Amino acid sequence: MLLPPASRAWLALCAALAAGAALAWFAPRDLLDWQPQQALDQPWRPWTAGLVHLSPRHLAVNLLGCAVVAAFGVAARVPRHATLAWLAAWPLGHAALALQPQLLHYGGLSGVLHAGVAVAALQLLGRGGGRRCVIGIAVLAGLAL
């Protein structure tokens, strides 16, 4: 079965996140993680903060999360603009950490993956009523909790 282009874009973003996280495992963490005092001088940190993981288990759980979000997005049939919204959420979510200057370090894909789930769930809501809408509401309620 050939996937529609929108699903391929979603899967490509999931693959990029997973590959980036796997590669970042071998890089010095303190060059990539979120550090508010470095944010203005090192503008890559909103992108790289999600790729850094604090333990092998943390990395493994987030890689599994990439697979789950990939499957959810394909099942939700997210359009390309939804993938672009998720892509924008990646650095914006980490840049928002600047509002918490007492958080001296941050790493991991959890926030980015949750943003992807929210985007896909909103797509389910926007497709009329029925079972897809109920699933979207349930997933968003779970995220809110």
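## The largest pocket

The largest pocket holds about 160 Å³ of space. The model is a predicted one. Lining this pocket are Val 61, Asn 62, Gly 65, Val 68, Val 69, Ser 110, Leu 113, His 114 and Val 117.

Two or more lining residues come from each of α3 and α5. α3 contributes the most, with 5 residues. By type, the lining splits into 5 nonpolar and 4 polar residues. No charged residue takes part in the lining.

## The nonpolar core

The largest nonpolar core counts 29 residues. Within this core, the residues with the most contacts are Trp 10, Leu 17, Val 69, Trp 86 and Leu 109. The largest share belongs to α5, at 8 residues.

## Around Trp 86

Which residues does Trp 86 contact, leaving aside its neighbours within four places in sequence? The list includes Trp 10, Leu 13, Cys 14 and Leu 17. Val 69 is on it as well.

## An aromatic pair

The model has 2 aromatic pairs. In one of them, the ring centres of Trp 47 and Trp 90 lie 5.0 Å apart. Their planes meet at 70°, so the pair is edge-to-face; the cut-off for that class is over 60 degrees.

This pair links distant parts of the chain. Trp 47 sits in helix α2 and Trp 90 in helix α4, 43 residues apart.

Are the two partners buried or exposed? Trp 90 has a relative accessible area of 10%, so it is buried; the limit is under 20%. Trp 47 is at 38% and therefore counts as partly exposed.

## Leu 31 in its loop

Leu 31 lies in the loop between α1 and α2 (45–48). Its relative accessible area is 46%, so Leu 31 is partly exposed. Exposed would require over 50%.

Beyond its neighbours within four places in sequence, Leu 31 contacts Trp 44 and Arg 45. Pro 79 is 48 residues away from Leu 31 along the chain. The C-alpha atoms of these two residues are separated by 34 Å.

Methods: Residues are numbered from 1 along each chain as its sequence is written. This is a predicted model: local features need pLDDT of at least 70, side-chain atom pairs count only at pLDDT 80 or more; totals for chains, interfaces and linings use all residues. Side-chain values use heavy atoms; hydrogens and water are left out. A nonpolar core is a set of buried Ala, Val, Leu, Ile, Met, Phe, Trp, Tyr and Cys residues joined through side-chain atoms within 4.5 Å. Buried means under 20% relative accessible area, exposed over 50%, partly exposed in between (1.4 Å probe, protein chains only). Helices (H or I, at least four residues) and strands (E, at least two) are DSSP runs, numbered from the N terminus. Contact means heavy atoms within 4.5 Å. Rings of Phe, Tyr and Trp (its six-membered ring) pair if their centres lie within 6.5 Å; planes under 30 degrees apart count as stacked, over 60 as edge-to-face and the rest as tilted. On a 1 Å grid over the protein atoms alone, a cavity is a set of points where a 1.4 Å probe fits but cannot get out, and a pocket is an open set with protein on both sides within 12 Å along at least five of seven lines; lining residues have an atom within 4 Å of a point. Grid points are joined across faces, edges and corners, and a volume is the space filled by probe spheres set on the points. Ala, Val, Leu, Ile, Met, Phe, Trp, Tyr, Cys and Pro count as nonpolar, Asp, Glu, Lys and Arg as charged, and the others, Gly among them, as polar.
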